[in-house]
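Please look over the structure shown here before reading the notes that go with it. The briefing is arranged by topic, so that each part can be checked against the coordinates.

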Amino acid sequence: MTSVALGAEARARGEAQTLGSNSTVKFDAVTVAYRGAIVLKPLTLDVAAGEILAMIGPSGSGKTTALRAVAGFVRPASGRIHIGGADVTDLPPYERGLAMVVQNYALFPHMRVADNVAFGLKARGAAKPLIEERVDDALRIVGMQKYLKRYPRELSGGQQQRVAIARALAVRPRVLLLDEPLSALDAQIRRSMVEEIARLHADLPGLTILYVTHDQSEALTLADRIAILRDGALSAIGRTSDLYRRPPNRFAAEFLGRANLLPVVVEGNTRTDGMVAVRAGDDRLVVASDAAPSGARRLLCVRPQHLTLTAEYGYSNKVCGRLREVLWQGELTHLVAEVGDTVMRIVATRLPSLPERGAPLDLFFAPADASLIPEEAGV
Amino acid sequence: MSDLAVRAAPARPNFNGLWVAPPLIVLGLTFLYPLVLIAHAALVADAGGIDLGGFLSVLHSRAFLNALINTGLIALAATAGCLVLGVTLALILAFVPFPGSTFVARLIDTFIALPTFLVTLAFTFLYGSAGMLNGALTQSFGLSEAPVHFLYSAWGVILAEVTVYTPFVLRPLLAAFSLVDQSQIEVAGLLGAKPWRIVRNVILPAALPAAIAGGSLCLLLTVNEFGIVLFIGAKGVITLPLLIYDKAIQESDYQAACAIALVNIALSLGLFSLYRFAARRLGG
């Protein structure tokens with residue numbers, strides 16, 4: 001994808017308003033039911049203009065249903081959906097001013113690339129010169145301007161997905177809906193497409209994107225905020241880095257990246273604001289957390305890459321365990337250790353000399369890299 | 001190495017190729033031989049030798065030309081009707097969800113199983129001179145004569161053929177529509193396409209091979225339709241199959257009947273070749 005700044009071009013033509021404004025999305029207690037069974041429980045959520053919100057969750061969590069409700073493919077059983085401040089709940093899809101990219105590309109097989117990209121513009125009654133200009137712009141953004149005359153069957157999966165993105169961008173949608181757009185691609189192309197989508201959004205800062213995926217790495221790379229859904233309900237939402245570093249519950253901690261969850265008992269607040277002392281077996285630890293009542297049971301959450309085997313500066317917490325397994329994976333080495341009854345994983349790029357399997361192993365981490373979450377398996 | 005090892009095993013006779021004989025014999029006796037007899041009767045004079053004069057005079061006769069035109073027009077009109085009705089019904093059954101749509105599709109399918117004259121008989125009860133429609137109209141408006149006579153014209157034949165042969169278009173179209181990627185339809189809608197544009201630009205192109213296959217089959221069947229035309233007995237509506245029947249049975253002119261039959265066969269094979277060509281070009 002070339003980094004042609006369409007946003008700059010659009011602004012130069014006075015078209016910035018068509019991309020950035022009126023592109024907020026609001027779910028107002030939206031529920032969706034299929035044949036009486038509720039598949040999306042009341043969802044209230046605001047997406048700011050120009051934001052990338054990733055909706056992630058396991059199969060059946062309701063993330064695609066929420067996206068389809070925004071698109072107008074399913075009608076909410078209750079609640080309202082607003083786009084750009086206007087209630088669109090009763091509007092058919094073709095009047096919502098959106099565009100979508102789906103997993104299987106959904107290109108029209110009997111149309112050439114140029115006709116696929118022009119489809120939405122023709123459907124909206126755009127003038128021929130504008131269609132030509134927009135098709136050219138959109139294909140240049142995705143680096144496919146040389147493939148105008150090709151049929152979809154003559155393109156690779158990655159190229160087809162680029163055309164699908166160009167087709168969506170050509171209509172200058174208020175909101176771009178991405179429904180697992182990279183799932184059909186192999187790992188290498190997927191990584192490069194994630195980078196291209198990130199670059200695309202940098203070029204089109206006013207474009208709001210709702211991105212549904214089950215791939216946490218796509219969500220972490222692209223999203224400004226992440227909404228985690230589970231069993232048809234919103235389990236957690238927050239800024240990407242906050243949600244990763246301070247997951248509000250066990251499901252969020254385990255679904256968004258790998259997490260070590262060590263049962264601890266709160267001892268009390270420390271003299272430092274925002275720090276709480278906890279005890280894990282014989283080890284006394286300090287964790288960045290809101291105040292918690294003494295004696296309360298919590299799970300200490302620390303990511304595998306935040307654990308080290310040496311007491312580096314600032315890594316003041318230490319837990320004692322026993323080495324169980326070493327898994328070398330080229331760039332990274334994964335260690336598995338037992339701390340009490342808890343299995344903890346460590347990801348290291350550099351390793352000191354390791355003890356024998358079964359030998360004691362000290363694990364260090366910084367207070368700021370750990371958080372406390374409720375012990376119960378809440379949503 | 002022993003003699004046994006180096007000596008080539010005696011070649012066993014291979015009779016597998018003979019399996020082609022039984023079907024060829026059956027095909028020859030039941031299909032090819034009668035065709036040869038027809039061609040012989042049409043082209044060979046009683047005294048022996050090829051006689052194209054009689055054949056050509058039949059082809060130049062007004063009765064033949066009228067029958068040829070009638071056959072073509074009725075077949076084309078009926079096929080067009082089948083396509084319009086078939087596409088409409090298939091679109092409704094495939095994309096407009098309503099309770100009982102599967103039952104309706106199966107009910108339409110059953111028309112394939114019915115003999116063609118049965119539909120014509122039903123039409124006589126409905127639209128015939130003494131049928132329900134004319135009865136209701138004469139009673140309602142105090143008319144002395146039945147006002148509706150379309151059944152006894154080419155329109156009656158076309159209507160009956162459309163009714164009988166639409167399922168031959170409907171079935172392949174329903175199969176093709178079931179294969180259309182739902183996400184293409186949804187994405188098209190979100191891009192701003194209204195339902196009719198989606199039908200025209202997304203759904204129908206995907207179903208074009210199926211429509212051509214169904215339409216070609218209809219054309220073939222309607223070109224050769226005999227029962228409906230005979231049963232309706234529309235005045236002045238003589239098609240090639242009916243003319244063959246007239247020449248052979250009514251007038252005992254077997255040479256003329258066979259000459260017309262040859263043309264009918266050529267027409268059918270030509271249409272079939274056209275269908276295969278179109279299906280191959282369109283990937284059907």
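What follows is a briefing on a predicted model, beginning with chain A as a whole and ending with chain B.

In this predicted model, chain A holds 10 helices and 19 strands, and its C-alpha atoms fill a box of roughly 75 × 45 × 40 Å along the principal axes. Of the 379 residues in chain A, 42% are buried. Among the contacts in chain A with a separation of 6 or more, 67% are between residues 24 or more positions apart.

**Domains of chain A**

- The domain assignment divides chain A into domain 1, made of residues 6-97 together with 173-250, and domain 2, made of residues 259-374.
- The centres of domain 1 and domain 2 of chain A, taken over C-alpha atoms, are separated by 34 Å.
- Where the two domains of chain A touch, six residues of domain 1 are in contact with seven residues of domain 2, and the domain 1 side comprises two nonpolar, one polar and three charged residues.

**Helix α7 of chain A and what covers it**

- Helix α7 of chain A runs over residues 187-203, and its 17 residues reach 25 Å from the first C-alpha to the last, which is close to the 24 Å expected at 1.5 Å a residue.
- The buried residues of α7(A) are Met193(A), Val194(A), Glu196(A), Ile197(A), Leu200(A) and His201(A).
- The cover over these buried residues of α7(A) includes strands β3 (52-56) and β8 (208-213) as well as helices α5 (128-141), α6 (157-170) and α8 (216-222) of chain A.

**Glu218(A) in helix α8**

- Glu218(A) lies in helix α8 of chain A and counts as buried because 24 C-beta neighbours lie inside 10 Å, where 20 or more are required.
- Apart from its neighbours within four places in sequence, Glu218(A) is in contact with Leu182(A), Val194(A) and Thr213(A); one of these, Val194(A), is also among the buried residues of α7(A).
- Although Glu218(A) and Ala54(A) are 164 residues apart along the chain, their C-alpha atoms are separated by 8.7 Å.

**The β9–β10 hairpin of chain A**

- Strands β9 (residues 225-230) and β10 (residues 233-239) of chain A run antiparallel and are joined by six bridges, and Leu229(A) has Leu234(A) in β10(A) as its bridge partner.
- Two residues lie between the strands of this hairpin, in which Asp231(A) takes a positive phi near 50°.
- Asp231(A), placed in the loop between β9 and β10 of chain A, counts as partly exposed because it has 14 C-beta neighbours inside 10 Å, a number that falls between the limits of 12 or fewer for exposed and 20 or more for buried.

**Two other loop residues of chain A**

- Arg172(A), in the loop between α6 and β7 (175-179) of chain A, has a positive phi of about 50° although it is not a glycine.
- Arg172(A) is classed as buried because 22 other C-beta atoms lie within 10 Å.
- Thr308(A) sits in the loop between β14 (297-302) and β15 (317-329) of chain A and, with 17 C-beta neighbours inside 10 Å, counts as partly exposed.
- Leaving aside neighbours within four places in sequence, Thr308(A) is in contact with Tyr315(A) and Phe364(A), while the C-alpha atoms of Thr308(A) and Ala348(A), which are 40 residues apart along the chain, are separated by 7.3 Å.

**Chain B: its contact with chain A and helix α10**

- The contact between the chains takes 15 residues from chain B and 17 residues from chain A.
- On the chain B side of this contact, the elements that give two or more residues are α9 (182-190) and α10, with α9(B) giving the most, at seven residues.
- By class, the residues on the chain B side divide into seven nonpolar, four polar and four charged.
- Helix α10 of chain B (residues 195-223) spans only 35 Å between its end C-alpha atoms, whereas a straight helix of 29 residues would span 42 Å at 1.5 Å a residue.
- Within α10(B), a kink of about 55° lies at Leu208(B), shortly before the proline Pro209(B).

Conventions:
Residues numbered from 1 in each chain as written. Chains lettered and ligands numbered in written order. Predicted model: local features only at pLDDT ≥ 70, side-chain atom pairs only at ≥ 80, totals over all residues. Helix = DSSP H or I, 4+ residues; strand = E, 2+ residues; numbered from the N terminus. Expected span 1.5 Å × (residues − 1). Bend = angle between axes of the 7 residues up to and from the residue. Nonpolar A, V, L, I, M, F, W, Y, C, P; charged D, E, K, R; others polar. Pairing = 2+ DSSP bridges. Domains from an automatic or database assignment.
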